[in-house]
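Here are a few exercises to work through with the model open beside you. Try each task before you read its solution.

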Amino acid sequence: MYTHVHQLKKQGFKVAAISKKLGIPRNTVYKYLEMSFEEAANWVASLGCRSKNIFLPGPDS
């Protein structure tokens with residue numbers, strides 16, 4: 001998605017048009033345009049290693 005946003009911007013699309021074409025919020029388009037490729041890669045990598053926070057009720061619950 002990051003590369004699509006940058007390709008469309010390079011082709012002259014405005015943020016609103018990119019948002020509509022890709023079906024993502026304008027804020028996300030702005031966020032991707034502000035990120036470097038390395039930042040985007042690190043961000044995507046961090047999404048894959050989230051740990052779930054599971055609430056297990058204790059004996060008092």
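**Exercise 1. Find the buried side of helix H1, and say why its buried residues share a side.**

Step 1. In H1, the buried residues are Tyr 2, Val 5 and Leu 8. Buried means under 20% relative accessible area, exposed over 50%, and partly exposed in between (1.4 Å probe, protein chains only). Helices are DSSP runs (H or I, at least four residues), numbered from the N terminus.

Step 2. These three residues lie on the same side of H1 because they cover an arc of only 140° around the axis. The arc is that of the directions from the helix axis to the C-beta atoms.

Step 3. Follow the chain onward: Gly 12 comes after H1 and has a positive phi, near 105°.

A note on the source: this is a predicted model, in which local features need pLDDT of at least 70 and side-chain atom pairs count only at pLDDT 80 or more, while totals for chains, interfaces and linings use all residues. Residues are numbered from 1 along each chain as its sequence is written, and side-chain values use heavy atoms, with hydrogens and water left out.

**Exercise 2. Work out which residues of H2 are buried and which are exposed.**

Step 1. Val 15, Ile 18 and Ser 19 are buried in H2. Their arc around the axis is only 100°, so they sit on the same side of H2.

Step 2. Lys 20 and Lys 21, on the other side of H2, are exposed.

Step 3. H1 and H3 are among what covers the buried residues of H2. As one example, Ile 18 is in contact (heavy atoms within 4.5 Å) with Val 5, Leu 8, Lys 9, Phe 13 and Val 29, leaving aside neighbours within four places in sequence.

Step 4. Just after H2, Gly 23 has a positive phi of about 70°.

**Exercise 3. Describe the aromatic pair that Tyr 2 forms.**

Step 1. The structure holds two aromatic pairs. Rings of Phe, Tyr and Trp (its six-membered ring) pair if their centres lie within 6.5 Å; planes under 30 degrees apart count as stacked, over 60 as edge-to-face and the rest as tilted.

Step 2. Tyr 2 pairs with Tyr 32 edge-to-face, at 6.4 Å centre to centre with 75° between the planes. The pair links distant parts of the chain, with Tyr 2 in helix H1 and Tyr 32 in helix H3, 30 residues apart.

Step 3. Tyr 2 counts as buried at 14% relative accessibility, and Tyr 32 is buried at 10%.

Methods: Contact = heavy atoms within 4.5 Å. Helix = DSSP H or I, 4+ residues; strand = E, 2+ residues; numbered from the N terminus.
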